[in-house]
Amino acid sequence: MGTVTSTPLTVPTAVLGRAQRVADAFEMFTGVAVDAAEIVGGRAALLGLTPNGQVSAGGATRLVRSRDSWCALTLARPDDIAAVPALLGADGVGDDPWPAVQAWIAENDCADVTERARLLGMPTASLAETPAETPRVYPFGAATATRAPADLLVADLSAMWAGPLCGKLLSSAGATVIKVESAARPDGARRGPQPFFDWMNGGKLSYSVDFDEPDGLRELLAVADVVIESSRPAALIRRGLSPTDVAPRDGRVWLRVTGHGTDGDRANWVAFGDDAAVSGGLVCGDPDEPEFCGDAIADPLTGLEAALAVAQSLRSGGGELIEMSMAAVAATYAALPRDEQSVCAATPQPSVAASPLGADNEQVEHLVTQRRLASC
């Protein structure tokens, strides 16, 4: 088990270099300068997080040696911790579940560990199980003339980090971004440190809806130029909110951020940034003793890549569905050389406070009405 250190957050120099090239390309399309070091290391700088070897910087994910390989498991949510006894086949595990979890993983093959954890809906990964893949792009309605994000309407249904970061970058480029949350289950990041939530969501309008009675949300999606979502596809299909359920709009770009893609069982695998990075093989340390790389690094890298993909699509006229897997993005970066390390110590500029849940419902409904009338 790695020991806690007080060293600055570092990532491979080649990883930071590619991220900056993506940021520079986003600036070329939008005119907005983006500092990749701030994007990758911003949360750690805001919250004082430091590398912990085989414990993630945020503390919720651990790299554990199984009988044949290395696995990652995340216990970030109350439901994850509650599922530990079922994972281990035990009656209870005490206040600290990790000693029992590590002992159990050490006695099992990694494939068996991840299969059992995924059946329980827990975020987990086998080291380097996911190959690199470019975003999947599908035709999705008619294209329009070339556009930039400025003055467009973005419906951001995503949560936590990767999707909200994409929305934040589009907002910085002049888009009106509406953060959509379930009234019953808001973005889990609202329960975390406020500075990070504000950094990701300050400047967005907050729209609170009941996903089981989604008529208002369906109207918003119908007039949106860009939709960002990170739900498992079945969840939106069940509520009649999938891309094919929403009224068409010329030039719309629909971005789907997933943990592991949409093929087969992968569509139902839950992921957080650290375990998704492990799945893609984006780790540091020695091959026999891997350690976490950066802070939940698959999240900021995916958010940055997603923002560029949306900007590129808009420049081409839109009319596309873009699927982006965090694990596949991590695998793309894992293929880069990792001999040198760069410090990511850039602290984000102070953010405006994010809107309270549902504070902008009336304004959003007015925007939707205006857009609907304008298109008649």
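Which residues touch the most other members of the largest nonpolar core?

Mentor: Before we dig in, remember that this is a predicted model: local features need pLDDT of at least 70 and side-chain atom pairs count only at pLDDT 80 or more, while totals for chains, interfaces and linings use all residues. Residues are numbered from 1 along each chain as its sequence is written, and side-chain values use heavy atoms, with hydrogens and water left out.

Now the core. F26, L170, L282, I297 and L301 touch the most other members, out of 64 residues in this largest core. Helix 12 (residues 298–315) is the biggest giver, putting in ten residues. Core here means buried Ala, Val, Leu, Ile, Met, Phe, Trp, Tyr and Cys residues joined through side-chain atoms within 4.5 Å. Buried is under 20% relative accessible area, exposed is over 50%, and partly exposed falls in between (1.4 Å probe, protein chains only). Helices (H or I, at least four residues) and strands (E, at least two) are DSSP runs numbered from the N terminus.

Zoom in on F26. Skipping neighbours within four places in sequence, F26 is in contact with G31, V32, V34, L169, L170, A173, A307, L308 and A311, where contact means heavy atoms within 4.5 Å. Apart from this core sits another one, of 23 residues, including L153, L217, L236 and L241.

A296 belongs to the loop between strand 12 (289–292) and helix 12, and its relative accessible area of 5% makes it buried. M160 also has a positive phi without being a glycine, about 70 degrees. It sits in the loop between strand 6 (153–156) and helix 7 (162–172), but M160 is partly exposed at 33%.

Three strands make an open, antiparallel sheet in the order 2-3-4; two strands pair if DSSP finds at least two bridges between them. Strand 2 (61–65) and strand 4 (124–126) are the edges, each pairing on one side only. On average, neighbouring strands are turned by 20 degrees against each other, direction ignored. Axes are lines fitted to C-alpha atoms (for helices, over the stretch in contact), and angles run from 0 to 180 degrees between N-to-C directions. Strands 2 and 3 (residues 70–74) share five bridges, with A72 in strand 3 as the bridge partner of L63. Helix 5 (residues 98–106) packs on the sheet against strands 2 and 3, its direction at about 35 degrees to that of strand 2. Helix 6 (residues 110–119) lies across strands 3 and 4, running at about 160 degrees to strand 4.

The structure holds one disulfide, meaning a pair of cysteine sulfurs within 2.5 Å, and it joins C71 to C110 at 2.2 Å, S to S. C71 lies in strand 3 and C110 in helix 6, so the bond ties together parts 39 residues apart in sequence. Both C71 and C110 are buried.

C293 is buried, at 2% relative accessibility. C344 is buried as well, at 3%, and its closest cysteine sulfur, in C293, is 8.7 Å away, again too far for a bond.
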